[in-house]
Every structure is written in structure tokens, then in C-alpha cells.
Amino acid sequence: MTIDNIKEEIEKANDIVILTHECPDGDAVGSALAMYLTLKKLNKDVDVIIPEYSNTFKFLPGAEAIKKEGKEEAYDLAISVDVTGIRRMNGFAKYFENAKTKIQIDHHQVNDMFADYNFVNPDSPACAQILILVIEKLGVEIDEEIGTCLLTGIITDTGGFKYEGVSAETFEFTSWLLTKGVNVSEIYKRVLQTKTRANFELRKLIMDRMEFIEDNKITFTYITLEDEKKAGAMPGDHEGLVEVGRDIEGVEVSIFLREIENGFYKASLRSNNYVKVSDVCIAFNGGGHIRAAGCNIQGPLEHAKEKIINEVKKYIIK
Ligand SMILES: [Mn+2]
């Protein structure tokens with residue numbers, strides 16, 4: 001069974017590298033750090049490499065150890081968390097590809113199964129929730145620090161325990177973490193409630209630009225590189241903007257386009273009841289979850305907008 005292989009490979013390895021996806025969210029950073037702290041407890045030589053991530057997650061235990069680059073020589077073992085495919089690791093995939101053994105732990109429905117050992121469970125609402133099993137298997141105690149990282153992943157990916165996929169285990173684990181001293185309300189406040197000023201400025205823009213399409217069942221909005229510059233946005237400051245459209249009564253799909261480089265756009269999609277936005281995104285070589293997914297689309301803006309809206313329309317029930 002994969003989890004036994006994972007334990008065996010970790011025990012064998014001397015130096016290990018932990019990786020996650022580009023534009024990492026709380027589940028990505030939290031899972032990577034939980035894994036890092038766990039392997040440290042096992043006295044492993046371990047690097048956690050995340051080139052860029054939001055300041056929101058700088059409070060996490062272990063964050064000070066995050067590196068932008070790894071060693072030149074091949075690691076014995078690479079572990080990726082919350083990643084659906086090698087491509088999503090962007091420029092730092094080389095550490096994964098060069099490693100002697102490769103493990104991935106993930107919870108996305110669509111996954112390339114790109115490692116030697118693929119521990120993937122699409123029923124789990126967060127990668128962090130899968131890690132609980134792995135950490136227990138490794139015989140490491142989940143303390144307040146590891147618990148804080150794991151709960152950050154769970155809280156982010158469940159939108160604060162409210163998305164489909166939240167299970168009895170999610171609450172059982174959270175209540176157990178409370179007994180370990182993990183501060184649930186503090187994490188909640190830091191990762192979901194508090195917004196940066198730049199996020200607020202971008203929020204005003206996307207609300208102003210919001211278009212209602214297909215009998216108000218689709219919303220569309222966007223931001224450009226220029227908008228982010230004007231708002232003084234830092235990595236992660238666009239987080240949550242796609243949810244504004246989703247949370248309006250009667251809307252089934254919210255579309256948010258964000259310019260990521262000159263004329264190239266990242267589309268983020270959310271749905272409420274029946275559209276599998278992961279299917280929509282697969283048409284553009286993207287992916288994700290049934291209610292939250294993304295893909296990249298070539299601009300210019302009007303072109304990208306038309307393409308994504310037309311694809312979404314195919315799924316809307318009139
Ligand atoms: Mn995740």
C-alpha cells in the first residue's frame with residue numbers, strides 16, 4: 001500500500017526536498033510546512049522550497065526555513081504536496097524530476113499521477129487532511145506547530161469548514177487540535193478574515209467591473225497587471241476575489257481573469273450547485289476541483305473572456 005511505501009522511502013532517505021505548486025494557497029504552504037516539521041522531528045536533512053508565497057502565511061511555524069532555491073545535487077527523495085502535475089511546479093520542478101525517488105500527496109480530482117508513489121485522495125477536502133494519516137504513520141506526534149500548519153490548510157481549502165467535502169473527520173480532527181493548543185480562531189482570522197489594503201482596492205475594482213451574463217447565472221470580472229501595480233499588490237493579494245461573484249444569489253459560475261504576464265491570463269472559476277468547473281478548465285489544459293478550478297488562457301483580454309464564457313455557457317442549464 002502506498003502509505004507503507006511512503007514510510008519506507010522516508011526512512012531510507014537522508015536528504016529530502018518538499019515542493020508545492022505555484023501561487024501556493026494555505027493548503028499548499030500549510031501542508032509543505034507540516035511535512036517539513038514532521039521530517040525535522042525524524043532528524044532528516046530537509047529543504048522546503050517555495051519561491052513565492054503570500055505574506056498571510058508568514059506566521060506559520062517553520063516558515064522561516066522556506067527556501068527559494070535548493071541544492072544542485074539530486075535529493076534522495078522529493079515530496080510534493082497539493083500538486084496535480086509537474087507543470088504546476090513551474091521552474092522548481094527540476095528538484096522533483098532530479099530526485100532519486102518521488103512521492104506526491106494530493107487531493108485533486110484530476111491528477112497526472114506523476115510520482116513513483118502517488119498518494120491521492122480526491123475525497124479529502126484538503127491535502128493537509130491526508131497528511132494527518134501520513135504523519136501518524138511516521139510515528140510523529142502532531143503537536144501545536146504541526147497542527148497549526150495542518151489546520152491552516154484545512155481552513156483555507158474548506159473556506160472555513162463550509163465547502164462540500166468537509167467530513168466528520170474534518171471536525172473531529174479540528175476538535176482534537178483544540179486540545180493540543182492550536183488556536184482555531186486566530187488561524188481563521190489570519191487566513192480568511194483579514195484582508196490586505198491592496199486586496200480591498202482590487203475588490204473594489206472587480207466589483208465595479210462585474211458583468212452578469214446568461215440570465216445572471218454567470219458573473220465575469222478581471223484584473224490586469226496594471227491594476228495590481230496601482231494597488232501595490234503582493235503575491236496572494238488577488239486571493240478570494242473570484243468568490244465575490246460566486247456568493248451572489250442566483251449565480252452558478254463565477255469567472256475571474258487575472259493577467260499573469262503580458263497578455264496571458266489565469267482564469268479562476270467557482271460554481272455553486274451543478275457546473276463542474278474542473279471540466280470547464282480541462283478544456284484549457286487546467287484543472288482543479290468540481291466547485292473550484294483554474295486554467296491559463298492566451299489573451300488579449302477580450303479574446304480570453306469570450307473563450308472562457310463560451311465554454312462555461314455550455315454547462316449552464318437554461
Ligand atoms: Mn488543496
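Visitor: Where does asparagine 216 lie?

Guide: Asparagine 216 lies in the loop between β6 and β7. Helices and strands here are DSSP runs, numbered from the N terminus; a helix is H or I with at least four residues, and a strand is E with at least two. Two ground rules come before the details. Residues are numbered from 1 along each chain as its sequence is written. The model is predicted: local features need pLDDT of at least 70, side-chain atom pairs count only at pLDDT 80 or more, and totals for chains, interfaces and linings use all residues.

Take the backbone of the loop. Asparagine 216 has a phi near 65°, a positive value in a residue other than glycine. Aspartate 215 sits in the loop between β6 and β7 as well. Its phi is positive too, about 60°, although aspartate 215 is not a glycine.

Now exposure. A residue is buried if 20 or more other C-beta atoms lie within 10 Å of its own, exposed if 12 or fewer, and partly exposed in between, with C-beta atoms placed from the backbone. Asparagine 216 has 12 other C-beta atoms within 10 Å, so it is exposed. Aspartate 215 is exposed because it has 10 other C-beta atoms within 10 Å.

Six strands form an open, mixed sheet in the order β6-β7-β8-β9-β11-β10. Strands count as paired if DSSP finds at least two bridges between them. β6 (211–213) and β10 (287–288) are the edge strands; each has a single partner, so one side of each is left without a neighbour in the sheet. Further in, β9 (264–271) and β11 (292–298) pair in the antiparallel sense over seven bridges. Arginine 270 has alanine 292 of β11 as its bridge partner.

Helix α12 (301–313) packs on this sheet. It touches β6, β7 (218–223), β8 (253–261), β9 and β11. Contact between residues means C-beta atoms, placed from the backbone, within 7 Å. The direction of α12 makes about 150° with that of β8. Such angles run from 0 to 180 degrees between N-to-C directions; axes are lines fitted to C-alpha atoms, for helices over the stretch in contact. Proline 300 is in the loop between β11 and α12. The peptide bond from glycine 299 to proline 300 is cis, with omega near 5°.

Which domain holds the loop's strands? The assignment gives domain 1 (2–193) and domain 2 (197–313); these bounds come from an automatic or database domain assignment. The domain centres, taken over C-alpha atoms, are 26 Å apart.

β3 (77–81) and β4 (101–106) are joined in the parallel sense by five bridges, and valine 81 stands opposite isoleucine 105 in β4.

Finally, the cores. A nonpolar core is a set of buried Ala, Val, Leu, Ile, Met, Phe, Trp, Tyr and Cys residues joined through C-beta atoms within 7 Å. The largest has 58 residues, and Ile18, Ala32 and Leu131 have the most contacts inside it. α2 gives the largest share, nine residues. Another core lies apart, with 27 residues, including Leu202, Ile206, Ile218 and Val277. Leucine 131 contacts Ser31, Ala34, Met35, Ile105 and Leu150, leaving aside neighbours within four places in sequence. Helices α4 (127–137) and α5 (144–157) pack at about 145°, with axes 7 Å apart. Leu131 of α4 and Leu150 of α5 are among the residues that make this contact.

Definitions and conventions: Contact = placed C-beta atoms within 7 Å.
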